[in-house]
Amino acid sequence: MKAGRLPVISLLTDFGTADYFVGAVKGAILSVNPEAVIVDITHEIAPQDISAGAFTLLGAYQTFPAGTIHVVVVDPGVGSPRRPIVVSANEQFFVGPDNGLFTYIYDREPAFEVFHVTAEKYFRRDSSTTFHGRDIFAPVAAALSNGVKPRKLGPRIGDAIRLDVPLAPEVLTNGDVRARIIHIDHFGNCVTNITRDLVKPNATLVINRTTIRDFRAFYGEDPAPTPFAIWGSAGFLEISINGSSAARHLRAKPDDLVLLRA
């Protein structure tokens, strides 16, 4: 972290905002480093939806400055033997459970390192088995913001958990691409794992027996309430409907197959 720059710690959770959870996490951070700048990415990930947490982190982390520490807590295995980890990648740190949340960081940042956090002296006293966000991840992030190196927190590991859906789709022998929906956003846009290098002129998409030939530059290009493809801000091809939910129209859900025909 550059001299004179206050440490930035982002929070991304499924805690919601109706309870005390987010406030308690922030308090735990500030108790260790009162100068930390805390930024909320979101606390509205659907409960236990690890895939949505992973994609949301992917869409946000590259906008943050070097030295940022991301606390990511979507943790259905809290209290179990699953490991607390710190990931070092892209001159940033990522703190959370080893349950696949950082899959897309591993895919996008091949120079990453993962550390199993075992140094309990950095945890809050009398840690709860149900609130590791407050008692482990928050104080560990604060310790990092105070200059503690990841290697002081625990051993480096090489077997971090990954989600089953990789960023790279499957290219078939005939040139078609078998892709998947990796996220459905608040508006019902269906985000696929198709990148620009895979799309050829006159390509079509097939999802749930619906063929999509319309590729648009922006949502309002045509008012027709029919599905179309558009490049989303995260760099992936999305399936959308102007003013409506493509997911509802297509009866689509995360992990559904999408065929890109050349």
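Is R180 buried, partly exposed or exposed? In this predicted model, R180 has a relative accessible area of 28% and is therefore classed as partly exposed, since the buried class ends under 20% and the exposed class begins over 50%. The residue belongs to strand β9, which covers residues 177–184.

R180 takes part in a salt bridge with D255, in which the closest N and O atoms are 2.9 Å apart. This pair links distant parts of the chain, as R180 lies in strand β9 whereas D255 lies in the loop between α5 and β16, 75 residues apart. D255 is likewise placed in the partly exposed class, because its relative accessibility is 39%. The backbone of D255 has a positive phi of about 85°, although the residue is not a glycine. Most residues other than glycine have a negative phi.

The loop between α5 and β16 also holds R251. R251 is not a glycine either, and its phi is positive at about 55°. With a relative accessible area of 77%, R251 is exposed. When residues up to four places away in sequence are not counted, D256 touches A179, R180, I181, N208 and R251. The contacts of D256 thus include R180, the salt-bridge partner of D255, because contact means heavy atoms within 4.5 Å.

Across the whole structure, 12 salt bridges are found. One of them joins D159 to R83, with 3.0 Å between the closest N and O atoms. D159 is in the loop between β7 and β8 (170–171), and R83 is in the loop between β3 (69–73) and β4 (84–89); the two residues are 76 residues apart and link distant parts of the chain.

Another salt bridge is formed by the side chains of R178 and E170, at 3.6 Å from N to O. R178 has a relative accessible area of 40%, which means that this residue is partly exposed. E170 is partly exposed as well, with a relative accessible area of 42%.

K149 is classed as partly exposed because its relative accessibility is 45%.

Helix α4 contains R134. Apart from neighbours within four places in sequence, R134 is in contact with A24, V25, A28, R124, S128 and P139. The C-alpha atoms of R134 and I207 are separated by 41 Å, and the two residues are 73 residues apart along the chain.

Helix α2 spans residues 50–60 and is mostly covered, with 9 of its 11 residues buried. The buried residues are I50, A52, G53, A54, F55, T56, L57, L58 and A60. An α-helix has 3.6 residues a turn, so residues three or four places apart point the same way.

P225 is situated in the loop between β13 (215–216) and β14 (228–231). At 60% relative accessibility, P225 is exposed, because the exposed class lies over 50%. From P225 to N146, the distance is 52 Å, C-alpha to C-alpha, and these residues are 79 residues apart in sequence.

Note on methods: Residues are numbered from 1 along each chain as its sequence is written. This is a predicted model: local features need pLDDT of at least 70, side-chain atom pairs count only at pLDDT 80 or more; totals for chains, interfaces and linings use all residues. Side-chain values use heavy atoms; hydrogens and water are left out. Buried means under 20% relative accessible area, exposed over 50%, partly exposed in between (1.4 Å probe, protein chains only). Helices (H or I, at least four residues) and strands (E, at least two) are DSSP runs, numbered from the N terminus. A salt bridge is a side-chain nitrogen of Lys or Arg within 4 Å of a carboxyl oxygen of Asp or Glu.
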